[in-house]
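Visitor: Please take me through this model one topic at a time, beginning with a turn.

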Amino acid sequence: MLGKLARTEDRFLEIEKALSDSDIVGNQEEYKKLMKEYKTLSPIIEKYREYKKAESEMEDANLLMRDNTTDPDIRLMAEEEFKILREKTEALTEELKVLLLPRDPNDDKNVIVEIRGGAGGEEAALFAYVLYRMYNMYAESQGYKVELISVNETGLGGFKEVTFQIVGDGAYSRMKFESGVHRVQRVPETETQGRIHTSTVTVAVLPEAEDVEVEINPADLKIETIKSSGAGGQHVNKTESAIRLYHKPSGIIIECQDERSQYKNRDKAMKLLRTKLYDMMQSEQNEKIASERKSQVGTGDRSERIRTYNYPQGRVTDHRIGFTLYSLENFLNGSIGDMIDALVIADTAEKLKEGI
């Protein structure tokens, strides 16, 4: 580990020197790339230097303890300091192990989230809206920006499906464990006998693909302009501003009608298509990895039941890590940070255990 840290520090110093080079500063693309790597390595180097300082101080204390000419009182102080520093270096070693774990290359990216009502009809659609609202409120609390891409509403205010983007540094690292089937247990307002119904909603969290990661051949696209459709509003059905993209090789169809501008809808639709194609590429790679390792936190498969929201008991349980919170109302109002932290910790622990 120490050898790897020394090599990492050499690379850090190399980047630090390069960033002050006028040629690099003038090359925005290269400068941005180096700054990203510098930012990634900074917390590791900061912790490594803290470790080296503690280790050096521990060696000094050890020399005092072993020197027969040292005053007894000073030797006693050195022994106490040695114990404290030994505990500190052990703790720093564990922190460095976590920092050296391979980073998910998508962690810093924006995300595109798709929520679809599953089993349960209108009740599932209503809960799809609840989850959309929950993620919006969480994103707002983190300083992220939410942009709606497309929505298919029901007459009662639910969502058959909704697609939106969350823009912010590290959005994927915080949202990636939300992919899967979310189950809700509650008494619908239309239920006269007070029976609890169980419905499901599927959530997919996709890291936004950059242009350089997915190349799309224009000849593979069929693009149509269509009239917007929805629950209402002055603009609906008046102009053909909505866009439908059909990507022939993959069979993916994208519709975007949120913006009044045809150009903006096309831009959003292309962004979503690129992200879906990137997700397909990632899924193929992950299937190979999954045969060798299945994280305790789950596979991220959208058919996997990950969480239950039980209204009568006021609880939310994540089945992957057996974590339950008895604060359902706050949770649905966007206070999902504790759950996300628990999932991140569980995933890190699993990686450390498996030596990844």
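Visitor: How many residues lie between β9 and β10 in their hairpin?
Guide: Four residues separate β9 from β10 in the hairpin, and G314 in the turn has a positive phi of about 60°. Strands here are DSSP runs of E of at least two residues, and helices are runs of H or I of at least four, both numbered from the N terminus. The model is a predicted one, in which local features need pLDDT of at least 70 and side-chain atom pairs count only at pLDDT 80 or more, whereas totals for chains, interfaces and linings use all residues. Residues are numbered from 1 along each chain as its sequence is written, and side-chain values use heavy atoms, with hydrogens and water left out.

Visitor: In which sense do β9 and β10 pair?
Guide: β9 and strand β10 (residues 315-318) are antiparallel, with four bridges between them; two strands count as paired if DSSP finds at least two bridges. Within this pairing, Y309 stands opposite V316 of β10.

Visitor: And which way do β4 and β9 run?
Guide: Strand β4 (residues 180-186) and β9 run parallel and are joined by five bridges. Y309 of β9 is the bridge partner of V184.

Visitor: Is β9 enclosed or open to the outside?
Guide: β9 is largely enclosed by the rest of the structure, because five of its six residues are buried. Buried means under 20% relative accessible area, exposed means over 50%, and partly exposed lies in between (1.4 Å probe, protein chains only).

Visitor: Where does R305 sit, then?
Guide: R305 belongs to strand β9 (residues 305-310). R305 is partly exposed, with a relative accessible area of 41%.

Visitor: What does R305 touch?
Guide: Leaving aside residues up to four places away in sequence, R305 touches V181, R183 and H319, where a contact means heavy atoms within 4.5 Å. R305 and G180 are 125 residues apart in sequence, yet their C-alpha atoms are 5.9 Å apart.

Visitor: Let us change topic to the helices. At what angle do α1 and α3 pack?
Guide: Helix α1 (residues 2-18) packs against helix α3 (residues 28-66) at about 130°, and their axes are 9 Å apart. Axes are lines fitted to C-alpha atoms, for helices over the stretch in contact, and angles run from 0 to 180 degrees between N-to-C directions. α1 and α3 are therefore oblique to each other; the scheme is under 35 degrees for roughly parallel, over 145 for roughly antiparallel, 65 to 115 for roughly perpendicular, and oblique for the rest.

Visitor: Which residues make the contact of α1 with α3?
Guide: Among them are L5, F12 and I15 of α1 and Y38, L41 and I45 of α3. By class, the contact holds 14 nonpolar, two polar and six charged residues. Here Ala, Val, Leu, Ile, Met, Phe, Trp, Tyr, Cys and Pro are nonpolar, Asp, Glu, Lys and Arg are charged, and the others, Gly among them, are polar.

Visitor: How are α3 and α4 oriented to each other?
Guide: The axes of α3 and helix α4 (residues 72-99) come within 8 Å and cross at roughly 155°. α3 and α4 are therefore roughly antiparallel to each other. The residues of this contact divide into 16 nonpolar, three polar and nine charged.

Visitor: Back to strands. In what order do the three strands of the open sheet come?
Guide: The order is β6-β7-β8, with antiparallel pairing. β6 (221-226) and β8 (252-256) are the edge strands, each pairing on one side only. Six bridges link β6 to strand β7 (residues 242-247), and R244 in β7 is the bridge partner of E224.

Visitor: What pairs with β3?
Guide: Strand β1 (residues 111-117) is joined to strand β3 (residues 159-167) by six bridges and runs antiparallel to β3; R116 stands opposite E161 there. Strand β2 (residues 145-153) is also antiparallel to β3, over eight bridges, and V151 has V162 of β3 as its bridge partner. β2 and β3 form a hairpin with five residues between them, where G157 in the turn has a positive phi of about 95°.

Visitor: Finally, how many helices and strands does the protein chain have?
Guide: The protein chain has nine helices and eleven strands. Of its 356 residues, 41% count as buried.
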